[in-house]
Amino acid sequence: MTLFLTIIILFLIAIIMFQSKEKRQQNVTLHYMHTKLQAIMNTQSHEKILVATTNQELQTLLTTINALLEDTHKILAKHRKTESSMKKMLANISHDLKTPLTVVLGYTEMLQLQHSLSDAERNRLLAGIHVKTEEVLKLIHTFFDLAKIEAGDTDYPITKVNVNEICRKNILSFYDMVMSLGLDIDIHIPEAPIYALGNEDALDRVLNNLIANAIAYGAEGRKLGLTIRTDTSDVYIDVWDCGKGIDEFHIDSVFERMYTLEDSRNKSFQGSGLGLTITKRLVEIMNGTIQLTSIPYEKTVFTVSLKRIMY
């Protein structure tokens with residue numbers, strides 16, 4: 001009996017010692033996790049907390065903490081990218097505003113100081129002021145349009161839209177410009193109505209931007225086109241040109257704010273750098289996607305994809 005009690009006491013002591021050791025090890029592990037987590041947050045590094053443990057609860061906690069760290073890293077990276085993009089955008093907007101305003105200032109000083117100007121010279125300067133003022137207003141309006149879209153302060157209800165009619169209307173609006181430039185135009189719009197989930201005003205602006213972009217940057221290829229394609233679930237609108245194209249290095253950047261393509265395409269044309277950004281945001285509002293493919297001097301295609309409606 002005494003031997004039995006002794007064995008039980010020794011067994012209980014062993015359990016207590018084991019539990020005490022486990023608790024000390026858990027405390028050490030928790031202290032390491034706390035210290036490591038603080039270091040990662042302070043340095044904003046991309047490390048994760050790695051601990052070898054058989055404790056299921058600690059393993060679950062580590063998995064959750066590392067998942068939160070991963071999300072935090074993504075948010076920080078996105079924030080840095082957005083901050084850098086905004087700084088670049090503001091710098092470029094300041095430059096784009098400064099250029100025409102400097103011209104306006106120069107013209108007004110000439111009008112004030114040179115009293116001997118002829119009527120023809122005076123009218124030329126006034127016309128220049130008018131043109132440059134319109135440039136400034138257009139840039140400001142474009143900037144605020146993008147700001148409203150990104151802030152969600154726009155009303156683009158998603159409904160059933162007739163893709164054929166919207167495409168026809170937009171390509172016809174550029175007919176005079178295309179003819180004056182002597183461009184060949186290749187249009188493939190099916191006779192049967194094709195419907196998609198979208199917004200007519202938003203799709204109007206998307207197509208207007210893409211066609212204007214194709215003319216501005218691809219006119220040297222002497223050919224541009226618009227094609228509507230479908231499959232069982234989506235409608236695809238291709239707007240393409242045969243100009244210089246866009247280098248592969250720049251393809252991922254063309255939808256960024258203030259990217260004007262001047263490094264990769266027609267340097268003689270300078271837009272606001274916001275048109276394609278607005279285009280992408282509008283497509284996203286319609287729950288669609290936009291993609292770009294380009295083979296220099298062969299074909300550059302912007303493809304808008306929207307959900308198809310079969311009824």
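Glu 220 is partly exposed, with a relative accessible area of 47%. (Buried means under 20% relative accessible area, exposed over 50%, and partly exposed in between, with a 1.4 Å probe and protein chains only.) This is a predicted model, in which local features need pLDDT of at least 70, side-chain atom pairs count only at pLDDT 80 or more, and totals for chains, interfaces and linings use all residues. Residues are numbered from 1 along each chain as its sequence is written, and side-chain values use heavy atoms, leaving out hydrogens and water.

**Confidence**
- The protein chain has a mean pLDDT of 80. (pLDDT is the predictor's confidence in each residue, from 0 to 100.)
- Of the residues in the chain, 83% reach 70 or more.
- Over residues 260-270, pLDDT stays under 50.
- For residues 260-270 the model has 33 contacts beyond four places in sequence. (A contact means heavy atoms within 4.5 Å.)
- Where pLDDT is low, the predicted coordinates should not be read in detail.

- Glu 220 lies in the loop between helix 6 and strand 4 (223-230). (Helices, H or I of at least four residues, and strands, E of at least two, are DSSP runs numbered from the N terminus.)
- Glu 220 touches Gly 243 and Lys 244, leaving aside residues up to four places away in sequence.
- With Lys 244 there is a polar pairing: a polar atom of the Glu 220 side chain lies 3.3 Å from the backbone nitrogen of Lys 244. (A polar contact is a pair of N or O atoms within 3.5 Å; within protein, one must be able to donate a hydrogen and the other to accept it, and residues adjacent in sequence count only if both atoms are side-chain atoms.)
- Glu 220 and Tyr 297 are 77 residues apart in sequence. In space they are 9.2 Å apart, C-alpha to C-alpha.
- Tyr 297 sits in the loop between strand 6 and strand 7.
- Tyr 297 is exposed, at a relative accessible area of 59%.
- The phi of Tyr 297 is near 65°, a positive value in a residue other than glycine.

- Helix 8 covers residues 275-285.
- Its buried residues are Leu 276, Thr 277, Ile 278, Thr 279, Leu 282 and Val 283.
- Those buried residues pack against two helices: helix 3 (119-150) and helix 6 (200-218).
- They also pack against strand 6 (289-295) and strand 7 (299-309).
- Asn 287 has a positive phi, near 60°, and is a residue other than glycine.
- With 54% relative accessibility, Asn 287 counts as exposed.

**Helix 4**
- Asn 164 is part of helix 4 (residues 163-173).
- Asn 164 is buried, with a relative accessible area of 1%.
- A polar atom of the Asn 164 side chain lies 3.0 Å from the backbone oxygen of Ala 192.
- Asn 164 touches Ile 189, Pro 190, Glu 191, Ala 192, Pro 193, Ile 194 and Ile 228, leaving aside residues up to four places away in sequence.
- Leu 172 is also found in helix 4. Leu 172 counts as exposed, at 59% relative accessibility.
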